[in-house]
Amino acid sequence: MICAEAFQAYGLRALGYGERLLPRGEIGICEQVVLIGSGMIWNIYFAVLALTFGFFFAMALAVAKAARPAWVRKPAEWFIFVFRGSPLFIQFFMAYEAFVLLPRMGVEFTLLGVAIEAETRWLARAWLGALIVLFFNTSAYAGEIFYGALKAVPKGDLEAADAYGLSGWTRFRRITFPTMLRLAWPAYTNEAIFLFHATALVFFSSFPAIQQRGDALYYASYFADRTFNPFIPYPIVAVYFVIFTLLIIAVFGLINARLNRHLPRAARPRLRIRPQVMR
Amino acid sequence: MFEFCTDPSVLPTGQWFACYLTNGVHFLFYQSFLTVFLLLAITAPLALAMGFGAAAASRAEIAPIRWLGKGYTAMVRGVPDIVFFLFFVLVLDQGIEYIRHLIACPGWTDPIRQGANFIVCDAARTPQSSAPQWVHETYNFALAIFTYAIVFGAFCGNVLYGAMQAVPRAQLETAEAYGMARGQVFWRVLVPQMWIYALPGLSNIWMILIKATPLLFLLGIQDIVFWARELGGSRTSAYQYPHPDWRFWYFLGLLIFYLAFTRVSEIVLSRLTTRLSRGQATAGGEDLRRAEA
């Protein structure tokens with residue numbers, strides 16, 4: 001099979017388009033690269049959505065954790081502790097079992113004028129269930145990062161803001177928030193990379209891949225089982241992950257440069273990438 | 001376990017659970033917690049030792065040793081997480097068999113890789129197929145421990161190298177001025193002082209190590225995740241203790257176990273930080289000195 005054919009047949013296989021049967025018999029390298037790449041769509045989907053929603057929730061958590069009243073602070077502290085203190089692996093298993101136990105029912109609501117009928121059985125599917133777990137998990141980790149940065153905002157900046165008569169929301173939006181984001185950004189970049197790597201765990205999380213629409217590792221293990229040779233598919237996964245990690249670093253680096261554009265060049269903090277295993 | 005357990009189906013709830021939680025398979029489940037502690041107890045010192053070696057090697061005068069130390073830490077840190085874990089055990093397994101094959105069967109002419117299969121002579125099978133079950137389990141466990149130690153050793157090496165660099169230069173120069181040899185400076189001045197700088201990084205690694213233990217399940221070890229899935233699955237009335245799908249509750253138990261473990265570690269590590277700050281030329285040490293004065 002030529003590579004173009006493989007691409008046509010399996011390019012969007014992970015979304016359910018193209019060839020129905022996965023390749024069998026003689027399996028070429030093209031099919032492996034294409035199909036695993038197609039699975040990467042899911043990894044990217046999980047990472048992008050979890051990070052996007054997680055960013056805002058993490059910000060709320062950080063502000064709540066830094067708040068004085070205990071009824072605001074305690075829930076945020078506990079949320080962060082629970083999700084940072086336990087393995088993501090266990091969180092996945094537990095969430096899946098919990099979602100499966102939920103009674104089957106539908107909820108109807110309208111979002112932006114479109115009627116949507118949500119069903120609880122969606123939660124037992126990877127696209128929603130695993131996404132929710134990843135979302136909570138990254139929110140907790142990023143929340144702790146933002147909390148640390150919030151505490152590290154220079155006292156002088158806040159005093160200057162007070163002197164200018166800024167207070168409350170205006171002070172937060174114009175002084176605290178930009179400085180906090182700037183300080184947190186290198187650590188947050190690492191968190192984004194972690195989370196992206198953590199999407200590989202979805203494969204092991206017992207959320208089923210319906211109609212063989214799986215993520216990158218799903219197809220990699222399929223090929224490893226079929227060909228009995230793990231030395232091709234797993235390195236392909238690794239290469240894909242490295243490529244997208246570099247992409248994340250590039251994008252976050254640009255944002256970092258923008259956040260620090262007011263500083264003299266020598267004083268700008270550099271991104272120090274420290275990818276680490278497991279969470 | 002208890003005498004009243006002969007016919008569980010007629011027992012009231014409290015006694016039923018007492019019997020259920022103390023039956024034979026549950027003791028295997030409780031034992032698997034020991035597996036986790038055993039893994040941590042072996043891996044942590046091993047990883048620390050490997051990290052220390054790597055950090056010391058990274059500072060060596062002789063270039064090849066330095067490259068070895070730096071190469072090791074860089075290699076493991078650069079490769080993405082879980083792929084490494086899945087892959088490395090396999091490579092290790094096949095590597096050991098291949099080397100034993102070369103030694104044990106020099107006259108072997110068939111290719112080892114026949115298409116997709118990895119075939120070595122029977123004498124090189126590790127462990128031997130005639131070996132009892134526990135040898136297979138121990139071998140798998142040892143492979144897992146070694147994998148953990150290599151990965152976490154690289155992390156420790158990175159942290160310890162940074163800590164060694166963080167010890168104030170003046171301290172080392174003073175020691176040299178007193179006429180200490182390189183080894184003496186290293187063991188008497190650098191090493192005692194570096195721990196306080198290494199501790200935040202090391203405690204981070206310890207937390208990650210705790211949270212990495214469920215991955216044992218992926219390496220085919222019968223650990224707590226394995227037993228939680230096994231025991232939690234629903235049981236029909238054909239079994240002695242029929243129950244619906246309880247996996248959620250078992251995983252909840254594991255979650256609480258990990259949270260408690262993390263919390264205890266946090267408390268111990270913060271005590272250790274205070275202990276190590278004593279007499280150090282850092283802000284923490286200064287605070288302690290003031291408090292005592």
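This is a predicted model: local features need pLDDT of at least 70, side-chain atom pairs count only at pLDDT 80 or more; totals for chains, interfaces and linings use all residues.
Side chains of opposite charge can pair when their charged atoms come close. A salt bridge here is a side-chain nitrogen of Lys or Arg within 4 Å of a carboxyl oxygen of Asp or Glu. Searching the whole structure turns up 8 of them over all chains.

| Pair | Closest N to O |
|---|---|
| Lys65(A) and Glu144(A) | 2.9 Å |
| Glu61(B) and Arg182(B) | 3.7 Å |

Take the salt bridge between Lys65(A) and Glu144(A). Lys65(A) sits in helix α2 (residues 29-66) of chain A and Glu144(A) in helix α5 (residues 126-151) of chain A, so this pair ties together parts that are 79 residues apart in sequence. Helices, by the way, are DSSP runs of H or I with at least four residues, numbered from the N terminus. As for exposure, buried means under 20% relative accessible area, exposed over 50%, and partly exposed in between (1.4 Å probe, protein chains only). Lys65(A) counts as buried at 13%, whereas Glu144(A) is partly exposed at 22%.

Arg73(A) and Glu77(A) pair up within helix α3 (residues 70-85) of chain A, where they are 4 residues apart, or about one helical turn. Arg73(A) is partly exposed, with 23% relative accessibility, and Glu77(A) is partly exposed too, at 25%. Lys74(A) joins these two in a network of salt bridges.

Over in chain B, Glu61(B) forms a salt bridge with Arg182(B). Glu61(B) belongs to the loop between α2 (24-58) and α3 (63-78) of chain B, and Arg182(B) to helix α7 (residues 182-212) of chain B, so the pair links parts that are 121 residues apart in sequence. Both Glu61(B) and Arg182(B) are exposed.

**A nonpolar patch**

Back in chain A, Leu247(A), Val251(A), Leu254(A) and Ile255(A) make up a nonpolar patch on the surface, with about 360 Å² of accessible area together. Patch members have over 30% relative accessible area and no salt bridge; nonpolar side chains (Val, Leu, Ile, Met, Phe, Trp, Tyr) are joined within 5 Å and like charges within 9 Å. The areas come from the Shrake-Rupley method with a 1.4 Å probe, and for residues only the protein chains shown count as cover. Ile255(A) is partly exposed, with a relative accessible area of 32%.

Definitions and conventions. Residues are numbered from 1 along each chain as its sequence is written. Chains are lettered from A and ligands numbered from 1 in the order in which they are written. Side-chain values use heavy atoms; hydrogens and water are left out. Helices (H or I, at least four residues) and strands (E, at least two) are DSSP runs, numbered from the N terminus.
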